[in-house]
Amino acid sequence: MPAPAPSTAVPSALPVIDPAIRQELEAVGGPDLPVQLLAMFLEDAPRQLAAVRGALNTGDQAVSRANAHSMKGAAASIGACRVEATAKAVEHAARSGEDQKLPALVDLLEAALTELKNHRD
């Protein structure tokens, strides 16, 4: 039985930043490590989001999928839960050929990135 398709909504029950992952990063590299990793992620995210959007315009699901996969992994490593979940949904839709869902999911991914950028804890 195939897994259910992800929702086109960012799960609001997920934290913007997982406090447990943040604590793990601080334990490994000190209190500045999570801040530095988040800054590096946010510096690269617009390029990846633009690549996903560009691939939508050309119908290149492989590029959409690859960039969404990369964003998903990077978001997971810093505990950016909502970005991770939304990037996973984009990746799934691109892999499954669900082109009709991609524009809304990419908009949600952009919203999750904006929320992450504006998050203060």
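**Group meeting: a walk through a predicted helical chain**

Let me begin with the surface: the chain exposes about 6700 Å², and carbon and sulfur atoms supply 57% of that area, where accessible areas come from the Shrake-Rupley method with a 1.4 Å probe and, for residues, only the protein chains shown count as cover. Please keep in mind that this is a predicted model, in which local features need pLDDT of at least 70 and side-chain atom pairs count only at pLDDT 80 or more, while totals for chains, interfaces and linings use all residues. Residues are numbered from 1 along each chain as its sequence is written, and side-chain values use heavy atoms, with hydrogens and water left out.

How far can we trust the coordinates? The chain averages a pLDDT of 90, and 90% of the residues score at least 70, pLDDT being the predictor's confidence in each residue, from 0 to 100. Over residues 1-6, however, the pLDDT is below 50, and this stretch has 6 contacts in the model beyond near neighbours in sequence, a contact meaning heavy atoms within 4.5 Å. Where pLDDT is low, the predicted coordinates should not be read in detail.

Now to the overall fold. The chain has 5 helices and 0 strands, and along the sequence the pattern reads α-α-α-α-α; helices (H or I, at least four residues) and strands (E, at least two) are DSSP runs, numbered from the N terminus. The C-alpha trace spans about 40 × 30 × 20 Å along its principal axes. For 121 residues, a compact globule would have a radius of gyration near 14 Å, and the chain, with 14 Å, agrees with that; the radius is taken over C-alpha atoms, and the globule rule is 2.2 Å times the number of residues to the power 0.38. Among the contacts with a separation of 6 or more, 66% are accounted for by residues 24 or more positions apart.

Which share of the residues counts as buried? Of the 121 residues, 31% do, where buried means under 20% relative accessible area, exposed over 50%, and partly exposed in between (1.4 Å probe, protein chains only).

Let us look at helix α2, residues 32-58, which holds glutamine 48. Glutamine 48 counts as buried because its relative accessibility is 4%, and, leaving aside neighbours within four places in sequence, it is in contact with Asn67, Ser70 and Met71. Valine 35 also lies in helix α2, but is partly exposed, with a relative accessible area of 46%. Threonine 58, again in helix α2, is exposed, at 62%; threonine 58 and leucine 109 are 51 residues apart in sequence and 19 Å apart in space, C-alpha to C-alpha.

Moving on to helix α3, residues 61-78, we find isoleucine 78. Is isoleucine 78 buried or exposed? At 7% relative accessibility, isoleucine 78 counts as buried, and its contacts outside four places in sequence are Ile17, Ile21, Leu25, Leu37, Leu38 and Phe41. Isoleucine 78 and arginine 22 are 56 residues apart in sequence, and yet their C-alpha atoms are 7.0 Å apart in space.

Asparagine 118 counts as exposed, with 52% relative accessibility, and its C-alpha atom is separated by 31 Å from that of glycine 59, which is 59 residues apart from it along the chain.
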